[in-house]
Amino acid sequence: MADHAYPPPQAVAESLLAFWAEAGIDSMYLDEAVDRIAAGAVPIPRPAQAARPATAPSRPASVPDARAPAPPEALAQARALAAAAKTLEELAAAIEAFEGCPLKFEGAATKAVFSRGAPSAPVMVVGEGPGAEEDARGQPFVGRAGRLLDKMVAAAGLQERVFITNTVFWRPPGNRTPTPAEQAVCAPFVERAIELVQPRLLLLLGGASAKSMLQKDEGILALRGRWFEWRSADGGLELPAMPTLHPAFLLRQPAAKKKAWSDLVSLVQRLDRPDRPH
Ligand code: URA
């Protein structure tokens, strides 16, 4: 048997944790409880803080901590800015001007990452949040996961029929999952994008997107492949939405591609159903 380093190298540990988190595992237990006080717990050394890129704007004192619930003023400002946008270009500018999402001040490049794709697409794809390449290029899903997404979309015949965005518009530091509060302050912009694009169906990539868009607690493996009803905050707009596996997860777990493909096939069948468009 091969020897495994313990603790595992950081990259391996991160990949494994990301896999478990994506699969909906949020707690782990040993068989026996460990009394760490009696054992004289040794503090875990913290790595030195990475330097903030020179491009990151400085954070105004009024901007809340990422872990705090979304403050009502930031939500109100997001709703007002989003509602005033009459076109996707105006919406992009409104997101750019918005200062209520803490992610904007946590190391992301200055430009918000909003969308790409057909402006009146019948399918809106909502991912989690920009990664490093998206942050650098200002467009969602242009890294490895994005290239896989493009292949899947093309294979399903949806190439010119998708509009792609995320639940948040700035890269979370270290590619961590955006917090519910960060997603909540960005949600009015996602909702306005849905109103302007008027897609017929939503495809939600990964657990963080599905949970935030549908207010669900289950993991993605329980949610994927099922139809849910997405509702706007005021309940005035409803759309069928299907969660599926995130392409970044599929890169780590290629065997799961079969499941994602079957979800895409269901989506296309519903989209092209002649009798009932929804
Ligand atoms: N992952 C996402 O969820 N969104 C992106 O834009 C890129 C990677």
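## Strands and pairing

Two strands pair if DSSP finds at least two bridges between them, and strands here are DSSP runs of E with at least two residues, numbered from the N terminus. With that in hand, S4 and strand S6 (residues 238-244) pair in the parallel sense over four bridges. Within S6, Pro243 is the bridge partner of Leu204.

Strand S2 (residues 123-127) also pairs with S4 in the parallel sense, again over four bridges. Here Met124 stands opposite Leu202 of S4.

## About the model

This is a predicted model, where local features need pLDDT of at least 70 and side-chain atom pairs count only at pLDDT 80 or more, while totals for chains, interfaces and linings use all residues. Residues are numbered from 1 along each chain as its sequence is written, and side-chain values use heavy atoms, with hydrogens and water left out.

## Strand S4 under cover

S4 spans residues 201-205, and five of its five residues are buried (under 20% relative accessible area, 1.4 Å probe, protein chains only). Leu201, Leu203 and Leu205 are buried on one side, and Leu202 and Leu204 on the other.

## Around the ligand

Which residues are around the ligand? They are Gly127, Glu128, Gly129, Pro130, Glu134, Pro140, Phe141, Asn166 and His246, each with a heavy atom within 4 Å of the ligand. This shell divides into three nonpolar, four polar and two charged residues, with Gly counted as polar.

Now for the polar contacts (pairs of N or O atoms within 3.5 Å). A polar backbone atom of Glu128 is 2.8 Å from an oxygen atom of the ligand. Polar side-chain atoms take part too: one of Asn166 lies 2.8 Å from a ligand nitrogen atom, and one of His246 lies 2.8 Å from a ligand oxygen atom. The ligand taken alone exposes 230 Å², of which the protein buries 91% (Shrake-Rupley method, 1.4 Å probe).

Technical notes:
Polar contact = N/O pair within 3.5 Å; in protein donor to acceptor, adjacent residues only side chain to side chain. Buried < 20%, exposed > 50% of the residue type's maximum accessible area, 1.4 Å probe, protein only.
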